[in-house]
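My notes follow in the order I made them.

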Amino acid sequence: MTYPPPPTPPTGPANPWAPPSSQALWAPPPPQGPPALNGFALASLLVGLLCLPPLGIVFGVVALVQIARKRERGRALAVVGLVVSVVMTVVAAYVTQQYADSFSRYLDSSVVARDDAEGSRTAIDDMAPGDCFNVPGGDLMKQSTFVHAVDCTEVHHAEVTSSTLLDDGPFPGDDGLESTATDVCWEAQDAYAMDTWAVPAYAEMYYFVPTRALWREGDRRLLCVIGTSSEEHRGSLRKDAGMLKPEQAEFLRAMNGVDKAFARQPEGGPEEALSECRTWAREVDTALAVQAALLRRVSGRPGIGAAAGAQLGEVEAARKEWQRAARATKPAEFDEAWDRAVWSLDVDTEKELRGAYGLSTRVPDWLADPGDEPSRGPRMEST
């Protein structure tokens, strides 16, 4: 008996007669393409160049994280975008700061121009010693690059004592600049208005210094002034060596030297800084020695001799106490010598001597009480 042959399997893309595993074994592998390009990498570069560099920094960081995790393309592009965004952010910040400084100065000059302060609008760098000026509202603490120059016989807010250029170099910082300005301007004021007793109680020392931005532009001008804006003041306060008699100038140098020494009192008292206080006591004694030498020379001069002799006796008594203070080994010893030294000098004796020299006899507020210290606190103004 014969059997017919089995039917021929149909042709086609799949063989229905083959077991399922056979199909899987012979299926071709899926096509493999290149990794995808990370979108944040491209966005970092574009955003950093065109609009928002800080956002470009964020995109660059996100791109680097995603590329490492997903194995995507674009690492070099992300790094370039990140660098470009950082650079553009720094440039944008610098340009913004420069624009802000310029705009601030423009607004300031515009306000001054519209203000009704009396005088001729003048750049503050053009002011010279002996010039007087007004400022808007009498506010000498307000930032300004222009003032209103007036004749000193008219009511004015301030009078220039010196105009100097500071040394070149990096910006010394606000504290360093303040310290330098304080020292320079007190020296300038003492030389400009040597008869300190003639300076009214409402007069204060001010100074104008460059800001950090102006320092970068090359501005080194330090302007020292005597401010009188709290009262309606007329007339110049200038009494320098060229306006005084030689003997008056000599006497005032000696007297002002003692005041300067007193003003250098250490911030900490003998309980906290005994060594510094002892050094200060020696400085005061040295200044008093200069004054004593002068008084000794003029003690026989007609019209001055009697008052000079009285002052000399008090100065020598004060020197002995300051010398004891300089040798003190305990804070209590220093305090006792200090008190005796202060009370050794009678302001009425100095008043009589100044009158004999033809100088002001108005006792300043800081000398009204022998226990008070000279007030030499500066007022700062930045231009």
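I started with Cys132, which counts as buried because its relative accessibility is 1%. The model is a predicted one.

Next I looked for its partner. Cys132 forms a disulfide with Cys152, and their sulfur atoms are 1.9 Å apart. I looked up the torsion about the S-S bond of Cys132 and Cys152: about 95 degrees, so this disulfide is right-handed. Cys132 sits in strand β2 (residues 132–134), while Cys152 is in the loop between β3 (146–150) and β4 (158–165), so the bond ties together parts 20 residues apart in sequence. Cys152 has a relative accessible area of 12%, so I noted it as buried.

How many disulfides does a search of the whole structure find? It finds two. In the other entry I made, Cys185 is joined to Cys224, S to S 2.0 Å. The torsion there is about -70 degrees, so the disulfide of Cys185 and Cys224 is left-handed. Cys185 belongs to helix α5 (residues 173–192) and Cys224 to strand β6 (residues 221–227), so this pair ties together parts 39 residues apart in sequence. Cys185 and Cys224 are both buried. Counting bonded cysteines along the chain, I wrote down the pattern 1-2, 3-4.

I also checked Cys277. Its relative accessibility is 2%, so Cys277 counts as buried.

Last, I turned to the helix pair. Helix α8 (residues 274–298) packs with helix α9 (residues 305–327) at about 160 degrees, their axes 8 Å apart. α8 and α9 are therefore roughly antiparallel. The crossing of α8 past α9 is left-handed. Their contact has 15 nonpolar, four polar and seven charged residues.

Definitions and conventions
Residues numbered from 1 in each chain as written. Predicted model: local features only at pLDDT ≥ 70, side-chain atom pairs only at ≥ 80, totals over all residues. Heavy atoms only, no water. Axes fitted to C-alpha atoms, helices over the stretch in contact; angles between N-to-C directions. Helix = DSSP H or I, 4+ residues; strand = E, 2+ residues; numbered from the N terminus. Parallel < 35°, antiparallel > 145°, perpendicular 65-115°, else oblique. Left-handed = near helix turned anticlockwise from the far one by under 90°. Nonpolar A, V, L, I, M, F, W, Y, C, P; charged D, E, K, R; others polar. Disulfide = S-S within 2.5 Å. Buried < 20%, exposed > 50% of the residue type's maximum accessible area, 1.4 Å probe, protein only.
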